[in-house]
Amino acid sequence: MLLPSRTAVLNELYGEKELNVNQIMTRLEPIYGQERQFNKKLYVEHVMALEANGLVELTSYEVDEKDELVCFYRMTQEGQSTVEKYVDKKYRKA
């Protein structure tokens with residue numbers, strides 16, 4: 001059984017200092033990459049929804065070599081509590 005993709009995004013941030021959407025997608029691609037919904041636009045929306053709900057926070061940003069904005073996020077204490085409460089230990093990253 002797979003975690004819902006938004007939960008999987010939150011789970012990827014568990015125990016990490018910070019990640020950006022590209023890094024999260026690279027990690028999740030082996031599991032979710034064949035799904036039609038596996039695209040950057042949707043995963044940016046997942047991260048933004050998690051941020052709006054106080055589960056992750058923006059830590060820094062930069063412009064990459066393609067002149068695209070890259071935002072880095074980390075999990076908040078509320079996000080950590082949410083993962084510990086709702087994600088089975090066998091799925092947790094750390």
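Glutamate 84 touches Tyr14 and Arg92, when residues up to four places away in sequence are not counted; contact here means heavy atoms within 4.5 Å. This residue is found in helix 4, where helices (H or I, at least four residues) and strands (E, at least two) are DSSP runs numbered from the N terminus. At 37% relative accessibility, glutamate 84 counts as partly exposed; buried means under 20% relative accessible area, exposed over 50%, and partly exposed in between (1.4 Å probe, protein chains only). The C-alpha atom of glutamate 84 is separated by 24 Å from that of proline 30, a residue 54 places apart from it along the chain.

The model is predicted, so that local features need pLDDT of at least 70 and side-chain atom pairs count only at pLDDT 80 or more, while totals for chains, interfaces and linings use all residues. Residues are numbered from 1 along each chain as its sequence is written, and side-chain values use heavy atoms, with hydrogens and water left out.

Helix 4 spans residues 77-86, and Gly79, Thr82 and Val83 are buried in it. These three cover an arc of only 95° around the axis, which puts them on the same side of helix 4; the arc is that of the directions from the helix axis to the C-beta atoms. An α-helix has 3.6 residues a turn, so residues three or four places apart point the same way. The buried residues of helix 4 are covered by elements that include helix 1 (5-13) and strand 3 (69-75). On the face turned away from the buried side, helix 4 carries the exposed residues Gln77 and Lys85.

Two packed helices are described by the angle between their axes and the distance between the axes. The axes are lines fitted to C-alpha atoms, for helices over the stretch in contact, and the angles run from 0 to 180 degrees between N-to-C directions.

Helix 2 (residues 21-32) packs against helix 3 (residues 40-52) at an angle of about 115°, and their axes are 11 Å apart. That makes helix 2 roughly perpendicular to helix 3; angles under 35 degrees count as roughly parallel, over 145 as roughly antiparallel, 65 to 115 as roughly perpendicular and the rest as oblique. The crossing of these two helices is right-handed, a term for a near helix turned clockwise from the far one by less than a right angle, with anticlockwise giving left-handed. Helix 2 contributes Val21, Asn22, Ile24, Met25, Leu28 and Tyr32 to the contact, and helix 3 contributes Lys40, Tyr43, Val44 and Val47. By class, this contact of helix 2 with helix 3 has eight nonpolar, one polar and one charged residues. Ala, Val, Leu, Ile, Met, Phe, Trp, Tyr, Cys and Pro count as nonpolar, Asp, Glu, Lys and Arg as charged, and the others, Gly among them, as polar.

Helix 1 and helix 3 pack at about 70°, with axes 10 Å apart, and are therefore roughly perpendicular to each other. Helix 1 passes helix 3 in a right-handed crossing. In this contact, Ser5, Arg6, Val9 and Leu10 of helix 1 meet Tyr43, Glu45, His46, Val47, Ala49 and Leu50 of helix 3. The classes represented are six nonpolar, two polar and two charged residues.

The axes of helix 1 and helix 2 come within 10 Å and cross at roughly 130°. That makes helix 1 oblique to helix 2, and the crossing is right-handed. Here Ser5, Ala8, Val9, Glu12 and Leu13 of helix 1 meet Ile24, Arg27, Leu28 and Tyr32 of helix 2, a contact with six nonpolar, one polar and two charged residues.

Two individual residues illustrate these contacts. Serine 5, found in helix 1, counts as buried at 16% relative accessibility. Beyond its neighbours within four places in sequence, serine 5 is in contact with Tyr32, Tyr43 and His46. Isoleucine 24 lies in helix 2 and counts as buried at 2% relative accessibility. With neighbours within four places again left aside, isoleucine 24 is in contact with Val9, Glu12, Leu13, Leu19 and Val47. Its C-alpha atom is 18 Å from that of valine 63, which is 39 residues apart from isoleucine 24 in sequence.

Aspartate 67 is found between strand 2 (56-63) and strand 3, and at 68% relative accessibility aspartate 67 counts as exposed. Its phi is near 60°, a positive value in a residue other than glycine.
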